[in-house]
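This report goes through one protein model, from overall form to single residues. The structure comes first, then the reading of it.

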Amino acid sequence: QVQLVESGGGLVQTGGSLRLSCLASGLTFSHYAMGWFRQAPGKEREIVAAISRSGGNTWNAESVKGRFTISRDNAKNTVYLQMNSLKPEDTAVYSCAADYKYLYSSGYSTSYSEYDYWGQGTQVTVSS
C-alpha cells in the first residue's frame with residue numbers, strides 16, 4: 001500500500017533550521033506532484049509548499065517565502081522541505097502529500113482536497 005513517512009522534525013530555537021524528509025513507497029513517485037502542509041493547534045491546515053513531478057516547478061506560501069525550500073529526489077522517492085530562519089509561528093505538525101492529477105503536466109495543486117495520499121506528520125516546534 002501507499003506510505004508517506006515524514007522525518008526530520010524536532011525542537012529548534014528561533015532562527016534555526018530543520019530539513020524535513022518524506023519517503024514514499026507503494027507508488028510510482030515520479031508520477032506524483034507533492035506538497036507540504038502544516039497544522040498548528042486550533043488552526044486550519046495550510047499548504048506550505050508544492051512541487052511538480054519533475055521538480056521543475058515549485059510554489060511557496062507567502063508566509064514562508066525566502067525561508068523554506070521544497071525539493072525532491074525521484075531516484076530516492078523523497079521530497080524535502082528545507083526550513084531556515086524558523087519562527088515560533090512555524091510551530092505545527094508538518095505533513096507531506098501526493099497528488100496524481102498532474103501526471104501529464106508539470107503542475108501542482110495548492111488545495112489540500114486535491115491530494116490523494118497523506119503522511120502521518122512530524123512535529124516541528126520553534127522556541128522563542
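## Overall form

The radius of gyration is taken over C-alpha atoms, and the globule rule is 2.2 Å times the number of residues to the power 0.38. For 128 residues, a compact globule would have a radius near 14 Å; the protein chain has 14 Å, which agrees. Along its principal axes, the C-alpha trace spans about 45 × 30 × 30 Å.

The model is predicted: local features need pLDDT of at least 70, side-chain atom pairs count only at pLDDT 80 or more, and totals for chains, interfaces and linings use all residues. Residues are numbered from 1 along each chain as its sequence is written, and side-chain values use heavy atoms, with hydrogens and water left out.

## Strands, surface and contacts

The protein chain has zero helices and 11 strands. Both kinds of element are DSSP runs, numbered from the N terminus: helices are H or I with at least four residues, strands are E with at least two. In order from the N terminus, the elements read β-β-β-β-β-β-β-β-β-β-β.

Of the 128 residues, 42% count as buried. Buried means under 20% relative accessible area, exposed means over 50%, and partly exposed lies in between (1.4 Å probe, protein chains only). The accessible surface of the protein chain comes to about 6500 Å². Carbon and sulfur atoms hold 45% of that surface. These areas come from the Shrake-Rupley method with a 1.4 Å probe; for residues, only the protein chains shown count as cover.

Contact means heavy atoms within 4.5 Å. Among contacts with a separation of 6 or more, 60% are between residues 24 or more positions apart.

## Aromatic pairs

The structure holds five aromatic pairs. Rings of Phe, Tyr and Trp (its six-membered ring) pair if their centres lie within 6.5 Å; planes under 30 degrees apart count as stacked, over 60 as edge-to-face, and the rest as tilted. One of the pairs joins tyrosine 32 and tyrosine 100. That pair is tilted, at 5.1 Å centre to centre with 50° between the planes.

Tyrosine 32 lies in the loop between strand 3 (18-25) and strand 4 (33-39), and tyrosine 100 in the loop between strand 9 (92-99) and strand 10 (117-118), so the pair ties together parts that are 68 residues apart in sequence. Tyrosine 32 is buried at 9% relative accessibility, whereas tyrosine 100 is partly exposed at 38%. Tyr32, Tyr100 and Tyr117 form one aromatic cluster.

## A charge over two rings

Which rings lie under the charged end of arginine 45? One belongs to tyrosine 112, with the charged end 4.5 Å from the ring centre. Another belongs to tryptophan 118, at 4.4 Å. A charge sits over a ring if NZ of Lys or CZ of Arg is within 6 Å of the ring centre and within 35 degrees of the ring normal.

## Salt bridges

Side chains of opposite charge can pair when their charged atoms come close. A search of the whole structure finds six salt bridges. The criterion is a side-chain nitrogen of Lys or Arg within 4 Å of a carboxyl oxygen of Asp or Glu.

Glutamate 46 meets arginine 38 at 2.6 Å, N to O. Glutamate 46 is partly exposed at 33%; arginine 38 is buried at 7%. Glutamate 62 meets lysine 65 at 3.3 Å, N to O. Here glutamate 62 is exposed at 63%, and lysine 65 is partly exposed at 48%. Aspartate 99 bridges to lysine 101, with the closest N and O atoms 3.7 Å apart. Aspartate 99 is buried at 0%, while lysine 101 is partly exposed at 45%. Shared partners join Arg38, Glu46, Arg67 and Asp90 into one network of salt bridges.

Serine 21 sits in strand 3. Its relative accessibility is 17%, so serine 21 counts as buried. Leaving out residues up to four places away in sequence, serine 21 touches Val5, Glu6, Ser7, Trp36, Thr78, Val79 and Tyr80. Isoleucine 51 is 30 residues from serine 21 in sequence and 14 Å away in space, C-alpha to C-alpha.

Serine 95 lies in strand 9 and is buried at 12%. Beyond neighbours within four places in sequence, serine 95 contacts Glu6, Gly35, Trp36, Phe37, Trp118, Gly119, Gln120 and Gly121.
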